[in-house]
Amino acid sequence: MANLIPIAKTVGANRMVPTISIPYPLGDPSTSEEEQWKLRYHRVGVALNALTTDINEQTVFDVEV
Amino acid sequence: MAKAIVYLNQFFGQIGGEEVADHEPEIRNEKVGAAMLYDQLLDGEVTHTIICGDNFMGSNEEQAVDRILGFLKDKEFDIFFAGPAFQAGRYGIACGAIGKAVKEEFDVSVISSMNEENPGVKMYKKDIYIFPGGKSAAKMRDDVTKMVEFGNKILSGEKLLPAEQEGFFKRGIRHQYFLEDETPAYERAIDMLLKKINGEDFVSELPIPEIDTVEIADPIKDLSKATIALVTSGGIVPIDNPDKIQSASATRWGKYYIADVDKLKNRREESFKTIHAGYDPKAADADPNRVVPVDAMRKYEQEGKIGSLYEYFYSTVGTGTSQDEAARMGKEITQELIENNIQAVIETST
């Protein structure tokens, strides 16, 4: 789970899930607690699903809600 | 006059070939074989030659290194040469092993030479100066000349340039230095940018490493039975940073017990904070789950989507950290995870 996906690619990560920023990857402090929780729960869920997904090449998983 | 000591294997030390490759280490206070060539070229004198069979070093490295360090204890020398090892793998590894030990023990510069295919290059280029050399002894003179020219430069106290300019294999060590013309970074950056826009060649001061490919792990078949660990390069640690992980250019990592934790408490609660010096810590200090999502993982654990969250999370700092250090730490952490039967990891970076 990374904000800088191009760097994650460079170092060879295979399953990549974008996060929303460098200093707060999984919860924007300018939004409500509820929104932060929803975002974090959702993106971690995407990452968990990514772990169960068969891939043939480096893959960035979709985080659109 | 500067004094040098040369390390050679049984062949170049004129003991013999493969049949005497288990020759035990010895030191002679004379110049043997290739040591004479070093002596001719060096602004100084080769006082001793150390000879050790490649197999002896290969099978008894610790003993061989100890004995050689013992030989050197009462010797005065300013520089140490090993090889050249050409494409001879055992010899290259021997030169690296003894070179590294000599450098650490006596803090003198150690110079070797190996063909780029020699496995010793990869193993030891970070520890000693290794110059790219020929494939065979036909290049003896060329290779020794390169080594000694650089040795002479070190002995004269002349300023050393980065690896590319001096010609040795890159060690992956970053130095801070001032350019002679003192052109500031912003001017250099703008110059590079303009060249890039104009389609001209330019040399980056921060080359992006080549893409590293990693074998793709098989998917997890049944997440509901899997134990999953959280690992971060975002520098989240207990408030007192018990492992003293560095805030930048980290060489250490830590693991922190979270079996009894539903969500990470924050800095104000004197629990977890970030020590990462590469980003504004405010958001991570206020809620460390933004970086290490223990709370979300617990929820998925309660819902039965995952078997369990591993009882430790792992942390280091990923700013200024060299790729080699990062790879080493990654391997160490992975080793632990495998030993503890962890099926998968979510790695969060900042």
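In this predicted model, 39 residues of chain B are in contact with 32 residues of chain A, contact meaning heavy atoms within 4.5 Å. The two chains bury about 2800 Å² between them, and carbon and sulfur atoms give 62% of that area. Buried area is the accessible area (1.4 Å probe) that two parts lose on being put together, summed over both. Of the area that chain B buries against chain A, B:Ile216, B:Arg290 and B:Tyr300 supply 24%, more than any other three residues.

Two salt bridges are counted between chain B and chain A, a salt bridge being a side-chain nitrogen of Lys or Arg within 4 Å of a carboxyl oxygen of Asp or Glu. One such bridge joins B:Asp295 to A:Arg40, with the closest N and O atoms 2.6 Å apart. On the side of chain B that touches chain A, the elements giving two or more residues are α9 (282-286), α10 (294-302) and β12 (344-348) of chain B; helices (H or I, at least four residues) and strands (E, at least two) are DSSP runs, numbered from the N terminus.

Chain B itself is divided into domain 1 (3-166) and domain 2 (223-348), with bounds from an automatic or database domain assignment. The centres of these two domains of chain B, taken over C-alpha atoms, are separated by 43 Å.

Residues are numbered from 1 along each chain as its sequence is written, while chains are lettered from A and ligands numbered from 1 in the order in which they are written. Local features need pLDDT of at least 70, side-chain atom pairs count only at pLDDT 80 or more, and totals for chains, interfaces and linings use all residues, while side-chain values use heavy atoms, with hydrogens and water left out.
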